[in-house]
Amino acid sequence: MDWRIIVGRNIRRLREERGLTQEKLAVDAGIDLTYLGGIERGKRNPSLLVIVRIAGALDVLPRDLLV
């Protein structure tokens, strides 16, 4: 499976479990809303720095977005 899809699904699942909107997560992670949407859909390839920022905003370890 494509890693972009795995990461995107995990981000969406964790975001929804926490009751966050894409907009709130994007603001908390310091990234653009449309970029986050692309990541969640598996269309964008986030850098390691972006993965770390999203993980921090979700209060998880970066590895939690990869498994």
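This is a predicted model: local features need pLDDT of at least 70, side-chain atom pairs count only at pLDDT 80 or more; totals for chains, interfaces and linings use all residues.

Take helix 1, which covers residues 3-17, and helix 3, which covers residues 33-40: their axes come within 7 Å and cross at roughly 115 degrees. An angle from 65 to 115 degrees counts as roughly perpendicular, so that is how helix 1 and helix 3 lie to each other.

Who meets whom here? On the helix 1 side you'll find Arg 4, Gly 8, Arg 9, Ile 11, Arg 12 and Arg 15, and on the helix 3 side Leu 36, Ile 39 and Glu 40.

How much of helix 3 is buried? It's mostly covered, with 6 of its 8 residues buried. Those are Tyr 35, Leu 36, Gly 37, Gly 38, Ile 39 and Glu 40. They pack against helix 1, but also against helix 2 (22-29) and helix 4.

**Salt bridges**

How many salt bridges turn up in the whole structure? A search finds 6. Here are some of them, with the N to O distance for each pair.

| Salt bridge | N to O distance |
|---|---|
| Arg 4 and Asp 2 | 2.7 Å |
| Arg 13 and Glu 17 | 3.4 Å |
| Asp 28 and Lys 24 | 3.0 Å |

Let's look at how open these residues are. Arg 13 and Glu 17 sit 4 residues apart in helix 1, so about one helical turn separates them.

Over in helix 2, Asp 28 and Lys 24 are likewise 4 residues apart, which means about one helical turn between them. Asp 28 is partly exposed at 38%, as is Lys 24 at 41%. Elsewhere, salt bridges with shared partners link Arg 12, Arg 15 and Glu 40 into one network.

**A patch on the outside**

Which residues form a nonpolar patch on the surface? They are Trp 3, Leu 66 and Val 67, and together they have about 350 Å² of accessible area. Leu 66 belongs to the segment after helix 4 (48-58). Its relative accessible area is 35%, so Leu 66 is partly exposed.

Notes: Residues are numbered from 1 along each chain as its sequence is written. Side-chain values use heavy atoms; hydrogens and water are left out. Patches are made of residues with over 30% relative accessible area and no salt bridge: like charges are joined within 9 Å, nonpolar side chains (Val, Leu, Ile, Met, Phe, Trp, Tyr) within 5 Å. Accessible areas come from the Shrake-Rupley method with a 1.4 Å probe; for residues, only the protein chains shown count as cover. A salt bridge is a side-chain nitrogen of Lys or Arg within 4 Å of a carboxyl oxygen of Asp or Glu. Helices (H or I, at least four residues) and strands (E, at least two) are DSSP runs, numbered from the N terminus. Buried means under 20% relative accessible area, exposed over 50%, partly exposed in between (1.4 Å probe, protein chains only). Axes are lines fitted to C-alpha atoms, for helices over the stretch in contact, and angles run from 0 to 180 degrees between N-to-C directions. Angles under 35 degrees count as roughly parallel, over 145 as roughly antiparallel, 65 to 115 as roughly perpendicular and the rest as oblique. Contact means heavy atoms within 4.5 Å.
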